[in-house]
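Here's a quick briefing to read alongside the model. Keep the 3D view open as you go.

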Amino acid sequence: MPLMSSILSRHDTIADNLAFHLEAGVDVALGDEPVDRFAESAAERSAAAARLATRPAEGAGPRTATAPPAFTSPRPASAPHRAPSGPQPSPALPGEAPPPPDLAAVEAREAAASAPTLEALRELLERFDGCPLKHTATRLVFADGNPKARLMLVGEAPGRDEDIEGKPFVGRSGKLLDRMLAAIGIDRTAAYIANVVPWRPPGNRTPTPQETAICLPFIRRQIELANPDVLVCLGGPSAQTLLGIRDGITKARGRWMDYDTGTRVIPALATFHPAYLLRTPLGKRMAWRDMLAIESRLAALPARSND
């Protein structure tokens, strides 16, 4: 029995360790052995310092007639870049850094405002290179569900499963969200689902304020074009970004607020993100109250005429 208990305890420890890394976004094995990147960096710094220390000795002797170093060779003038033909920002060249965050945010506002339809907005996002997350994500995660639905739900950013499939809320969180919606008689044909940030941050980390600011004009335009009757913010970051609140989600959830698209005011509600409910099952009781509030609000609103 002690041996069996030890084996089971070790198995549980390994399973917990794997679960921790998976939640942190470590989902791909790149090698059979771990690599100490800190030691590699220290070795590179030591080698660079050694090269600098020996450089004066290398240049101490008399100069010989040798070819000029490669970095002093004159370079032919490069052809000027062509200006983009349309109002959209030009794609970044391979290896070229994205524009500064403030400039990227301005380009995002101008580009988002120019999209006349949701499909045009999606195509524009496919071409937009101002957000650095695009270059680390697998694909754009734009939306799922029915764009003409009366209910729209917005999370923070895609995770691993969403990055693979290109749709929001398809992993464990998505399955829980589907069950939550089904409890009030709604499925994905009667809801429209998106995220504030449409690209997965590396390792599932929280998007930076700059990344969120760059993506904000696009989700605002997406909400405006979808024109839902009820907007639901899934999680604190989504509610804080879209509704401008500072309260945490526990305090903010369950309160109806106004979301102004510029053309109309939409009733909005913040509730727990399904990922939070997976970690904290006790929150499901409050989330259920929020779902009932959503059901009541939809029932109280006048029926939408068919476009």
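Where is the place of Ser-173? Ser-173 sits in helix H6. What you're looking at is a predicted model, where local features need pLDDT of at least 70, side-chain atom pairs count only at pLDDT 80 or more, and totals for chains, interfaces and linings use all residues. Residues are numbered from 1 along each chain as its sequence is written, and side-chain values use heavy atoms, leaving out hydrogens and water.

- Helices (H or I, at least four residues) and strands (E, at least two) are DSSP runs, numbered from the N terminus.
- H6 covers residues 172-182, and its buried residues are Ser-173, Gly-174, Leu-176, Leu-177, Met-180 and Leu-181.
- They span an arc of only 160° around the axis (going by the directions from the helix axis to the C-beta atoms), so they end up on the same side of H6.
- Turned away from that buried side, Arg-172, Arg-179 and Ala-182 are exposed.
- Buried means under 20% relative accessible area, exposed over 50%, and partly exposed in between (1.4 Å probe, protein chains only).

**What H6 packs against**
- The buried residues of H6 pack against strands S2, S3 and S4, plus helices H10 and H11.
- Ser-173 is buried, at 15% relative accessible area.
- Leaving out residues up to four places away in sequence, Ser-173 touches His-273, Pro-274, Ala-275 and Leu-278 (contact means heavy atoms within 4.5 Å).

**Two asparagines with positive phi**
- Most residues other than glycine have a negative phi.
- Asn-204, in the loop between S3 and helix H7, has a positive phi of about 60°.
- Asn-227, in the loop between H7 and S4, has a positive phi near 55°.
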